[in-house]
Amino acid sequence: MHLSALLDFDVVPLDTEDAVAVLLDVTAPERAKDTGRPRATLQIVLDTSGSMHGGRLDGAVKALQGLVDRLDPSDDFGLVTFDTQARVVVPCGPLTGKDAIRGTIGALRAGGGTDLSSGLLRGIQEARRAGGGRGATLLLLSDGHANHGVTDHDLLRQVAADAYGHGVSVATLGYGLGYDEALLGAVSEGGTGSALFAEDPDTAGGLIAQEAEYLLAKSAQAVSLRIPAGEHVRAVDVVGEMPSHRLPDGSVMVELGDFHSGEERRLLLRLEVPGVASLGTVTLTTLEATYVDPETLTTYTAALPVSVNVVPGDEASGRVPRPEVRTEEALQRAQTAKKRASEALRRGDRAEAARLLDEAGQGLEDLGDAGAPGAPGVPGAAYGAPPPAPAASQAAELRGMARMAREDDLSRAAKTTYASQSGYTRRRGRYEQRSQPPQNPQGSQAPRPPQAHPGPPPPLGAHPPGTAPAPQPPQGAPGSREPQPPQNSQGSQASRPPQGRRPTRTPPTPQQPQSPQAPQESPRPQSPQAWQGAPAPQPPHAPRATQETHPPGTAPAPQPPQGAQGAPAPQEPDGPGAPQDADGGHGAAGREGGPRRISGQDPDRRLSSPDAADEA
């Protein structure tokens, strides 16, 4: 597991209350291609109420039969259906008789009401029984509103959260335009899974197949991030719509769920810093990402110290926030705008929804001037620069959603907006992959019919009948593409940033003694076989330091070679295998003697800790 962070300010003023924003990337280990995958457990909970009659049920049946074909005989598969009551159609277990299971699925018929809670509870029971200590994934498909059993959103969110606490992650797929996206969103939020939207059977089939590919390429499960408070951090907030909860000791816990091979998630944290009474480097907190290797069921923890340089107040007064962090703040505000717009659309308030979406889009478009080199406080270029690529993409999507809010079907607009917010917040990489235009058999982009509303198509469920986004296998899955170079904070492939240099991750190395200038936590095993890599020695002021764990059978995330454009030159080690960053340090703080200036002084300097060696 690899952690990498970028601070908006790496200096804080002496004896002054302040706040620091931390842009954190969490990247799962790459599963080696020549290793077998662990046994998977997939439990399907399918709505077979009367509203599913006809094409919807036929499409779901076809997708589930294809799913049975895709899984190995050793994988566990189960099917629970629900109308006014729940039924175990296929007990969750190994797929030893695929023909019989396909026939059972093909015999499904629709009728009755919608007791979603009974189906969810019975599906969780089956998943827990079959998954045991290995965990399981549950996918709930429904096209309607729950009208029997438990219908309270908060209670169902808690049911899913309890399932996740027992190793079952829960994702949902809303089918058509009549389902309750707020209810399914609450369930997926509690279960740390995706909240998907498919308007037609073909799109639903594509999304089901894609979720299965992610499951089969899983390289980390039950991933959680802990952000401790303490002497130098008074309070912690997670910016945006990512769910989190506060622990009794004041620290904040974020449940990230399962990761497929090489998957990256991004979070933005805000640390409230009390006045620090002494000058120099100080470690504010140490971020801890804990996960389970699905093959060995070993628990690992990766730790990343977050440090700043305390300087006199007059020196800190000239500091300039990093544009990448400010861009992410705007992107997170945009997700909040989407969520509020979806709520407004469910109330029938088109004008309010369009206003929220337009304002968020305008805010992202304005980053081209406000956050670009040449803008006030950002020397180096002129006005008129375009916004960063992720901001431009989201701005265009927001403009399209605003048009939908004004003119399109209310339900379609609300569901598209909600699914976009949920996907971007919780699983940005998967969401952006689904947002790509569908591919034709020759691999080029398939032609789209004329759009009723110009702008980018909604990411989920907006494809006309007969089309579906082609499922893209994630990295590490059979048939997937080779791993791509790491992404920079603007979302493009890592290359030299506009000013300064872009640092690189260091290769796995043996652990070294701690640097007295950078206090760090010692390894803390989570189980008899667990291991946490301790950061290698680093003087202060390097552009980067990373923490990475990759258990047996996985490979580190792809790294750019040393000496490549934008990468620092190789350094001589202090000892056998000891790494050094480009500046010879650990990247914990700003330069001594003054605030960080963007012009010519490492605008993309990241905090990360050195890669950890494999543990047999």
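Let me start with strand 5, residues 41-47, and strand 8, residues 136-142, which run parallel and are joined by 5 bridges, with L42 standing opposite T137 in strand 8. Please keep in mind throughout that what we are looking at is a predicted model.

That pair belongs to an open sheet of 6 strands, ordered 7-6-5-8-9-10, in which the pairing is mixed. At the edges sit strand 7, residues 86-94, and strand 10, residues 192-198, each of which pairs on one side only. On average, and ignoring direction, neighbouring strands of this sheet are turned by 15° against each other.

Turning to the helices that lie across these strands, helix 3, residues 116-131, lies across strands 5, 6, 7, 8 and 9, and runs at about 20° to strand 7. Helix 4, residues 153-165, lies across strand 9 and strand 10, running at about 140° to strand 9.

Now to helix 8, residues 323-346, where T327 has its place. T327 is buried, its relative accessible area being 6%, and, leaving aside residues up to four places away in sequence, T327 touches L367, P388 and A391.

Among the residues that make the contact are A330, L331 and A334 of helix 8, together with A353, L356 and L357 of helix 9. Taken by class, the residues of this contact divide into 12 nonpolar and 4 charged, with no polar ones; the charged residues include K338 and R340 of helix 8 and R350 and E352 of helix 9.

Note on methods: Residues are numbered from 1 along each chain as its sequence is written. This is a predicted model: local features need pLDDT of at least 70, side-chain atom pairs count only at pLDDT 80 or more; totals for chains, interfaces and linings use all residues. Side-chain values use heavy atoms; hydrogens and water are left out. Helices (H or I, at least four residues) and strands (E, at least two) are DSSP runs, numbered from the N terminus. Buried means under 20% relative accessible area, exposed over 50%, partly exposed in between (1.4 Å probe, protein chains only). Contact means heavy atoms within 4.5 Å. Two strands pair if DSSP finds at least two bridges between them. Axes are lines fitted to C-alpha atoms, for helices over the stretch in contact, and angles run from 0 to 180 degrees between N-to-C directions.
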